[in-house]
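This report describes the fold of one chain and how its parts are arranged. The sequence and structure come first.

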Amino acid sequence: MTSMTPLLEVQSLTIRFAHSEPVRDLSFRVYPRETVALVGESGSGKSLTALALMGLLPSSARSGAASLTLAGADLRALTPRAWRRVRGREVAMVFQEPMTSLNPVLTIGRQITESLRHHEGLSASAARARAIELLDLVRIANPQRRVDDYPHRLSGGMRQRVMIAIAVACRPKLLIADEPTTALDVTIQAQVLELLDKLRRDLSMGLLLITHDLGVVGQWADRVVVMYAGAKVEEAAAETLFTGALHPYTRGLIAASPRFHRAHTYQDGKLSEIPGSIASAVGEAGCAFAPRCTHVRTECRLAPPQPIAVEAGWSVACPVALDRTEETRRVAVASF
Amino acid sequence: MSLLQVSDLHMHFHTATGVLRAVDGVSFTIERGESVGLVGESGCGKSTLGKTLLRLLDPTAGRIHFDGQAIDSLTQRAVRPFRTRMQMIFQDPFSSLNPRQTIGQILAAPLTVHGRGNKAERRRRVATMIDRVGLPTTSVGRYPHEFSGGQRQRIGIARALILDPALVICDEPVSALDLSIQAQILNLLVQMKRDLGLSYLFISHDLSVVRFFADRVLVMYLGRIVEAASGADLWRNPLHPYTRALIAAIPDPARRKHAAPLTGELPSPEDVTTGCPFHPRCPLATARCTVEAPQPQMFSPGHSVACHHADAAQPRFRKAG
């Protein structure tokens, strides 16, 4: 996979506001037809990263990157006008809240066709026919009838399907899904994730899945980027993450989440905790996780640790974790 | 005698389009020191059930016995003494705390309302509670916005426990919290149960959390309890097709990229279906299921299920583990 040209290349992305730096020196790649999960809790910077990739950062934000390349095109210098040609066609996004992301006074057909008519200059009737096809693609029953419905007539799961139809209308190369199932019921969650995965395959998209749900990551992602307080702490194949995660934060998260298939109950003992909260990262000169870390050393507080390659496709920003691992296979300081 | 005994409870609402049967004939018990999980998807009536038990809503029909006494038809005034013994913890710790009150005032309010102790005693009780839920002593003079989500939920827990209740109804107490904080709060709830001998009704849509937390589990679908069993029994041997679908929908890292197990959407509780409420989505449904609503039946001691086909499904799913 590494021999391929990445679809998305993010190198040293930093996002700043007047008094904070919610994303720091973040690097990762998404290869064609790959699902990469961006994992982290609130305040980790994962949603801002998504907005940066869509050119939708608030005007008060300043961002910089060594590289921000999508399908060979440099996203850094795009004017707002140029972004409009990229957004929807090259990269599109599905948001968490299908209730608030749809316009309540427009029919869903109109909302799906908006981007089609803008990007592809389709006539009204051709756009409508395409909207019906798209509703069918996201498996909404009776698309001919639904196309004229208003959002309030649809359930949460159906609204999320409409959001997905809008996002894939112009066949983007990269689809970003920001917590796409968090607001949905369990049985509907599984349907929506399955749909996203099917569309990824059928439309040959890269999928950047932003989530805090480790179960979702384990089942649906190829690779995982774990973020903490704006920085990448670990990156690995999804299978590796659950068996061999190295970073104390990643390990802590996995241990702290009650996982159904582990069949651990309170009678068996406490859940393992990560003490403190992410708020402690504010003003930390060294590793942002240091105030909560049980393995912290004095040098951790001096400077933010850089990602160190463990093996191909696996890096961890924690020298202590690597020291602690006996069979450390330190290859080289990661170039990204 | 059970701490809580609920028999054939109904909570119906009259809406513009008809009758919404949010709770539609529910029976169960909660024993002392027991933690009972109530599982279901949004709109299944689980939060309404919780509120009805606390008599925040007046039930349409059915009985609620708390500690042997019927509380279902008491006046609001007469039910007040019972409120001190049944408390609630809410999902969103922020919107359930008054932003203009200090933590000290928030925690002292229940004591004042129920006339507990004098001012000095109340202050001591508040300080003890703050310490007990793991908040810094200095919290007493601070306001809710000064606390993180996890700390706010600790405040919510302290408020629920300050009157020394016997039963606490927890409505999605950790679903708004970040993963690293969830474990802290779940451990705290377990600790409180051990220290104070509490019983819990733990309402959640998250089966992983319920599996960790509950001794016994009730599975609710469209206002009815479709399956009830001890956790150990239910997770090993789920009988109702809906329970099995819920379990199959849990993302499992060991089962990479598997298709969705259940098709169709949760119908609105206003859409009256005859027969079994689950039949439009059920893979086992037959003609009988469309006309005859299945009644809960004891399948084995302590394990009841409301499904005409639980028997037929049994061998196939026993090995599912």
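Domain bounds here come from an automatic or database domain assignment.

| Domain of chain A | Residues |
|---|---|
| domain 1 | 8-228 |
| domain 2 | 243-324 |

This is a predicted model, in which local features need pLDDT of at least 70 and side-chain atom pairs count only at pLDDT 80 or more, while totals for chains, interfaces and linings use all residues. Residues are numbered from 1 along each chain as its sequence is written, and chains are lettered from A and ligands numbered from 1 in the order in which they are written.

The C-alpha centres of domain 1 and domain 2 of chain A are 29 Å apart. Contact between them (C-beta atoms, placed from the backbone, within 7 Å) involves 7 residues of domain 1 and 11 residues of domain 2. On the domain 1 side, α9 (214-220) and β10 (223-228) of chain A each supply at least two residues. The largest share of that side, 3 residues, belongs to β10(A).

Chain A as a whole has 12 helices and 13 strands; these are DSSP runs numbered from the N terminus, helices being H or I of at least four residues and strands E of at least two. The C-alpha trace of chain A spans about 65 × 50 × 40 Å along its principal axes. Of contacts in chain A between residues at least 6 apart in sequence, 62% join residues at least 24 apart.

Terms used
Contact = placed C-beta atoms within 7 Å.
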